Number of protein chains: 2
Amino acid sequence: MELSERKLKILQAIISDYVRSAEPVGSRTLSRKFDLGISPATIRNEMSDLEEMGYLTHPHTSAGRVPSDKAYRLYVNSLMPKQELTPQEKRTIADRLQADINEFDRTIQHAAQILSEITNLTSFAMTPTKTEETLKFVNLLPVDKNTVVLMIVSDSGEISNTAMRIKVPYTEENLQLLAKSMTYTYRGKKLTDVLKSHIQKNFETDIEAMSRLADDILPDFMKTLEEMLNVQLYMDGLTNIFDLPEYSDIDKARKFLALLDKKEDFTKKIIERDDGMIVTIGGENADDMMNDCSLITATYCVDGKMVGKIGVIGPTRMRYGEITSIMEYLTENLNNTFKLESGEKDSE
Amino acid sequence: MELSERKLKILQAIISDYVRSAEPVGSRTLSRKFDLGISPATIRNEMSDLEEMGYLTHPHTSAGRVPSDKAYRLYVNSLMPKQELTPQEKRTIADRLQADINEFDRTIQHAAQILSEITNLTSFAMTPTKTEETLKFVNLLPVDKNTVVLMIVSDSGEISNTAMRIKVPYTEENLQLLAKSMTYTYRGKKLTDVLKSHIQKNFETDIEAMSRLADDILPDFMKTLEEMLNVQLYMDGLTNIFDLPEYSDIDKARKFLALLDKKEDFTKKIIERDDGMIVTIGGENADDMMNDCSLITATYCVDGKMVGKIGVIGPTRMRYGEITSIMEYLTENLNNTFKLESGEKDSE
DNA sequence: ATTAGCACTCATTTATATCGAGTGCTAACT
DNA sequence: AGTTAGCACTCGATATAAATGAGTGCTAAT
């Protein structure tokens with residue numbers, strides 16, 4: 001069977017109404033609310049066809065129709081109108097992101113906040129994955145007799161450090177030498193590779209004292225690297241779902257929140273997703289737990305490189321057009337913010 | 001009216017039963033389950049007295065009795081038995097805290113995790129408040145032509161840093177001089193005071209170039225300080241409340257989660273609480289939102305100084321004895337962990 | 001091809017009856 | 001005096017039944 005123009009129109013109307021009301025929509029209501037120029041009976045026939053084609057489902061015999069995942073997919077792929085943001089939304093985004101220039105994590109966190117506020121859904125934002133980053137230099141700074149600060153800087157300017165207890169006595173000179181030596185060995189290597197190589201001090205160690213110092217420092221070095229590679233996932237609007245009728249069943253709400261409660265697992269799932277604006281609808285999600293959720297993620301860039309993800313999660317019934325538009329605008333803004341930050345800071 | 005021995009016994013029995021079952025407890029049930037040696041009728045009389053005295057309430061005429069806040073208060077103050085942890089619990093705590101020595105935030109986060117797992121309640125843990133910390137030194141490290149790393153170290157070894165864009169050209173020498181100068185000015189001062197003093201460069205600036213450098217750096221310096229002073233609040237077991245009958249009403253659950261969703265506000269409330277093990281029950285909480293919650297917080301120490309808080313929040317009906325014991329043990333362990341960390345790391 | 005008409009379905013709502021755990025009171029018993 | 005058995009009464013919870021109404025599918029007329 002073909003998807004006639006009229007069928008498409010009806011389907012779009014159903015989706016539009018259902019997304020708004022969360023109630024199965026019947027032929028009568030449809031003909032009343034939308035000016036389709038055909039009678040409920042005709043609509044019923046078309047609906048019946050659409051159901052057969054898999055675009056609609058029927059909660060039970062005497063209920064209206066509900067769009068299926070397939071319908072939403074069609075909608076997202078071809079029916080969905082591109083929605084312009086309201087000036088107010090634009091302002092909100094721009095203003096609030098501007099506020100915390102130079103505080104990376106904070107900015108990301110706020111992005112999630114904004115997103116959940118505008119969409120009324122649950123949102124999340126991930127700090128950049130640093131798998132592509134390379135080591136720029138290592139520094140070791142004396143603090144006191146048995147404390148040293150280890151500092152690792154990556155090519156993107158990401159810094160991480162730890163204060164370490166040092167067991168062996170050290171001289172400032174040795175420290176500097178060791179730092180230089182480590183920098184020399186690892187400079188330009190990917191952080192992940194350095195970490196993976198599980199190094200047993202494969203940098204020059206001609207001096208005995210330095211060798212012992214290196215032994216002392218290595219575990220902390222690895223740990224610091226590891227920490228540096230960690231991504232943070234910020235969530236916001238967790239309680240927004242309580243406003244959605246699909247989660248008025250407490251058990252549904254619990255399951256939803258449980259899904260997000262296991263942050264590590266969730267983070268992993270987000271990381272694995274492709275770059276760019278990705279929409280996965282209901283059953284399209286591999287995870288069973290998400291089979292009646294839709295997940296939209298987008299990628300933002302720092303200095304032009306694709307790195308972090310931001311997204312929303314909610315019921316399959318969501319305002320795809322609006323949300324993707326918002327996310328597009330938001331990521332654009334993030335990209336700019338993160339370009340500005342390292343670029344023309346003088347404009348301030 | 002006096003609280004006779006018998007009344008106490010009955011009250012304790014009621015609390016014990018109610019805490020377990022969440023069902024109003026009646027005289028009949030009580031006499032069956034507890035060997036009080038008196039008939040239901042007598043119990044009824046005593047209950048009636050206890051109600052008059054404010055220790056019990058009555059959801060409705062034909063329901064059993066429920067302990068009031070006052071009853072729990074009495075229980076916590078004098079009736080509550082000290083509960084020994086199971087060896088398994090002890091092992092869990094010790095093991096899981098041991099795992100991440102040297103990763104402060106991680107440890108705190110895990111402490112919250114453990115706490116929620118053992119208590120089946122919602123838990124939280126706050127990183128140390130650094131209001132008492134003093135500045136130890138400031139360092140400025142050249143990265144490239146227009147990037148400099150600013151690093152602030154506090155007396156406790158806490159480090160914070162930012163990579164900054166520098167507008168004016170600088171020499172390594174100037175940087176070092178400036179860092180020394182800043183260190184000299186602020187060393188030993190409390191971080192908060194340095195931040196509050198809202199300094200307009202009140203350290204020596206005889207050299208013109210350095211002065212401009214300082215202007216460039218100060219905003220970031222303040223921001224970094226601010227960031228350093230921030231406390232993090234980690235939460236865990238948010239969804240645990242769904243297992244509690246008091247939150248089977250979706251609206252209650254929503255309110256509870258909304259309370260915790262406003263993290264900043266909640267953090268503020270926690271910070272304000274006194275040190276040590278503090279239990280506030282229902283109406284004792286100033287915040288209306290918490291009027292049917294109990295909140296237990298405890299303080300942990302780093303190097304012997306009271307600094308961070310950890311706690312649980314749940315319905316007033318909670319196993320106070322068990323939970324406070326767990327928290328005592330947990331904070332003890334934290335204290336040790338954080339002493340070890342900077343002390344006898346050689347034992348590894 | 002479209003539509004009006006009609007019987008049928010079924011979740012939801014409203015009304016009603018029943019149940020049972022619990023109380024409070026009184027009178028009898030130690 | 002304090003304790004207990006007995007009993008009427010209360011009231012939320014549960015179960016059952018009837019009424020409602022939005023919606024469907026089918027048929028026959030347009």
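What follows is a chat about this predicted model.

Me: What should I know about numbering and cut-offs before we start?
Reply: Residues are numbered from 1 along each chain as its sequence is written, while chains are lettered from A and ligands numbered from 1 in the order in which they are written. It's a predicted model, where local features need pLDDT of at least 70, side-chain atom pairs count only at pLDDT 80 or more, and totals for chains, interfaces and linings use all residues; side-chain values use heavy atoms, with hydrogens and water left out.

Me: OK, how many helices and strands in chain A?
Reply: Chain A has 12 helices and 10 strands. Those are DSSP runs numbered from the N terminus, helices being H or I with at least four residues and strands E with at least two.

Me: And what's the radius of gyration of chain A?
Reply: 27 Å, whereas a compact globule of 348 residues would be near 20 Å. The radius is taken over C-alpha atoms, and the globule rule is 2.2 Å times the number of residues to the power 0.38. Along the principal axes, the C-alpha atoms of chain A fill a box of roughly 90 × 45 × 35 Å.

Me: What share of chain A is buried?
Reply: 51% of the 348 residues. Buried means under 20% relative accessible area, exposed over 50%, and partly exposed in between, with a 1.4 Å probe and protein chains only.

Me: What about contacts in chain A, how many join residues at least 24 apart?
Reply: 61%, among contacts between residues at least 6 apart in sequence. A contact here is heavy atoms within 4.5 Å.

Me: Switching to strands. How many residues of β9 in chain A are buried?
Reply: Strand β9, residues 293-302, has 10 of its 10 residues buried. Both faces are covered, with A:Leu295 and A:Thr297 among the buried residues on one side and A:Ile296 and A:Tyr300 among those on the other. In a regular strand, side chains alternate between the two faces of the sheet.

Me: Which residue has its C-alpha 7.5 Å from that of B:Asp303?
Reply: B:Asn335, which is 32 residues apart from B:Asp303 along the chain. B:Asn335 belongs to helix α12 (residues 320-340) of chain B. Leaving aside neighbours within four places in sequence, B:Asn335 is in contact with B:Tyr300 and B:Cys301.

Me: Last one: is B:Ala22 buried or exposed?
Reply: B:Ala22 counts as buried because its relative accessibility is 17%. B:Ala22 is in the loop between α1 (5-21) and α2 (27-33) of chain B, with a positive phi near 65°.
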